Each structure stands twice: as structure tokens, then as C-alpha cells.
Amino acid sequence: HTRLNANNNNDNVGDENNQQTEKEVVEKKKITKLDGMLSFLTAGFPFFVFFSAVLGLLVPSSLMWVNRGNLLTYMLASVMVGTGLTLEKKDFVDVFKEKLSAVPTGVL
């Protein structure tokens, strides 16, 4: 009986480990799906900008809705936030160590 219970306990431990593994796999799939979607949007952004610029050149009235209210400000803010999210600590260290003269230029 003792061996049987010990084996059952070991089986339960294995099940718990499997459940944790399954949870981790589900979380990784969620992250992977989000990463895939964000990568797709990031890769498509230059095309969106290009085709919007072409549309604005060919039919300027089609983009007049962007110039009403604060929408242009919010669009610029979203681009700047997206750019800022890609920065890492290493980027700031590189600027301050190697390219400190670029900081005043960036402020202007």
C-alpha cells in the first residue's frame, strides 16, 4: 500500500508539473500571438505611411479629416510612443558615451 500511495503521489506531482507546463505553454502562445500581431503591424507601418503620402499627394481632400481637431497631435504622439518603446537602456548609454554632441542637436 505504501508503494502504491507513493506512486500515486509521484503521479500527482507529475500532473502538477504538466499542468504548470501547459499553463506556461498557453502563456507563451498568448505572448507569441501578440508578438506576431505587433510585428505584422510594425512591418506594415512604412507601407501605411507611403500609401497615405501618395494618397495625400494625389487626392489631398481625402485626408482633410486628419487635420481637424487634435487628431494629428494624437497620431504624432502614438508614433513617438511607439518609437520610445523600442529604446533600451543600452541606447541611452551609447548616446551619452559616444555621441554626446548629438544631444543638443536632438533638443533643437
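Reply: One definition is needed at the outset: a residue counts as buried under 20% relative accessible area, as exposed over 50%, and as partly exposed in between. Please also keep in mind that this is a predicted model.

Me: With those limits, is D94 buried, exposed or partly exposed?
Reply: The relative accessible area of D94 is 27%.

Me: With which residue does D94 form a salt bridge?
Reply: A salt bridge requires a side-chain nitrogen of Lys or Arg within 4 Å of a carboxyl oxygen of Asp or Glu, and by this rule the count comes to 1 salt bridge. The two partners lie 4 residues apart in helix α3 (residues 89-98), about one turn of the helix. In this pair the closest N and O atoms are 3.5 Å apart, and the partner of D94 is K90.

Me: Is K90 buried or exposed?
Reply: The relative accessible area of K90 is 52%. Because the exposed class begins over 50%, K90 is exposed.

Me: What are the elements of the chain, in order from the N terminus?
Reply: The chain contains 4 helices and 0 strands. Read from the N terminus on, the order of the elements is therefore α-α-α-α.

Me: What percentage of the residues in the chain is buried?
Reply: The accessible surface of the chain comes to about 10000 Å², and 66% of this surface belongs to carbon and sulfur atoms. Buried here means under 20% relative accessible area, and of the 108 residues in the chain the share that is buried is 1%.

Me: Which elements give two or more residues to the lining of the largest pocket?
Reply: The largest pocket has a volume of about 400 Å³. Of the 15 residues that line this pocket, the closest to its centre are F48, S52, V66, L72 and M75. The elements that contribute two or more residues to this lining are α1 (2-58) and α2 (71-85).

Me: Is the pair of F45 and F48 stacked, edge-to-face or tilted?
Reply: The structure holds 2 aromatic pairs. In the pair of F45 and F48, the ring centres lie 6.3 Å apart and the planes stand at 35 degrees. Planes under 30 degrees apart count as stacked and over 60 as edge-to-face, so the pair of F45 and F48 is tilted.

Me: And which class, stacked, edge-to-face or tilted, holds for the pair of F50 and F51?
Reply: The ring centres of F50 and F51 are 5.3 Å apart, with the planes at 70 degrees. F50 and F51 are both exposed. Because an angle over 60 degrees is the criterion, the pair of F50 and F51 is edge-to-face.

Methods. Residues are numbered from 1 along each chain as its sequence is written. This is a predicted model: local features need pLDDT of at least 70, side-chain atom pairs count only at pLDDT 80 or more; totals for chains, interfaces and linings use all residues. Side-chain values use heavy atoms; hydrogens and water are left out. On a 1 Å grid over the protein atoms alone, a cavity is a set of points where a 1.4 Å probe fits but cannot get out, and a pocket is an open set with protein on both sides within 12 Å along at least five of seven lines; lining residues have an atom within 4 Å of a point. Grid points are joined across faces, edges and corners, and a volume is the space filled by probe spheres set on the points. Rings of Phe, Tyr and Trp (its six-membered ring) pair if their centres lie within 6.5 Å; planes under 30 degrees apart count as stacked, over 60 as edge-to-face and the rest as tilted. Buried means under 20% relative accessible area, exposed over 50%, partly exposed in between (1.4 Å probe, protein chains only). Accessible areas come from the Shrake-Rupley method with a 1.4 Å probe; for residues, only the protein chains shown count as cover.
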